[in-house]
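Please open the model in a viewer and keep the selection panel at hand.

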Amino acid sequence: VNGETQEQAAADLGNFIFTYFGPTPKVLILGHNVEFDISFTKQLLEPYEIMFKIHHVKLDTASAGLIAFNTFKSDQLFDLVGLEKRGDHDPLQDVKYTIEVAKSIRLLINSALET
């Protein structure tokens, strides 16, 4: 949440992970340029010793976009799958759009496999 301390943000994320993934999770991560997200999350959680394990498989829409659409840029991918142009940077909107890109790539592949 905007304006929270780093400690409170870490506690909120830690509680979310614990609630939805359990006490010793191994989380499969989806993101756009996912290594950035992982580094940011580690920077936030490691000082409080609440960093969770990350699954060795990482889902990255930048890589998938380059393979599927010959672009890895988020704005171009969002546009290609028909999402509304973004305004100011909104991390939650980025998450939602990244999920939509992943769904669109999966749908594209599934449709191609059915023909």
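**A nonpolar surface patch**

Begin by selecting β1 (26-31), β2 (53-60) and α5 (91-114), each of which supplies at least two residues of the nonpolar patch. Helices (H or I, at least four residues) and strands (E, at least two) are DSSP runs, numbered from the N terminus. The model is a predicted one, in which local features need pLDDT of at least 70 and side-chain atom pairs count only at pLDDT 80 or more, while totals for chains, interfaces and linings use all residues. Residues are numbered from 1 along each chain as its sequence is written, and side-chain values use heavy atoms, with hydrogens and water left out.

Next, display the side chains of Leu-28, Leu-30, Val-57, Leu-59, Leu-92, Val-95 and Ile-99, which make a nonpolar surface patch of about 540 Å². Patches are made of residues with over 30% relative accessible area and no salt bridge; nonpolar side chains (Val, Leu, Ile, Met, Phe, Trp, Tyr) are joined within 5 Å, and like charges within 9 Å. Accessible areas come from the Shrake-Rupley method with a 1.4 Å probe, and for residues only the protein chains shown count as cover. Helix α5 gives the largest share of the patch, 3 residues.

Now centre on Leu-92, in helix α5. Its relative accessible area is 52%, so Leu-92 is exposed (buried means under 20% relative accessible area, exposed over 50%, and partly exposed in between, with a 1.4 Å probe and protein chains only).

**Salt bridges**

How many salt bridges does a search of the whole structure find? The search finds 3, a salt bridge being a side-chain nitrogen of Lys or Arg within 4 Å of a carboxyl oxygen of Asp or Glu.

Select Arg-86 and Asp-75, whose closest N and O atoms are 2.4 Å apart in a salt bridge. Because Arg-86 lies in the loop between α4 (74-80) and α5 and Asp-75 lies in helix α4, the pair ties together parts that are 11 residues apart in sequence. Arg-86 is partly exposed, at 22% relative accessibility.

Asp-94 is buried, with a relative accessible area of 15%.

Finally, move to Glu-100 and Lys-103, a salt bridge with closest N and O atoms 3.6 Å apart. Both residues lie in helix α5, 3 residues apart, about one turn of the helix. Glu-100 is partly exposed at 31% relative accessibility. To close, select Asp-75, Arg-86 and Asp-94 together: salt bridges that share partners join these residues into one network.
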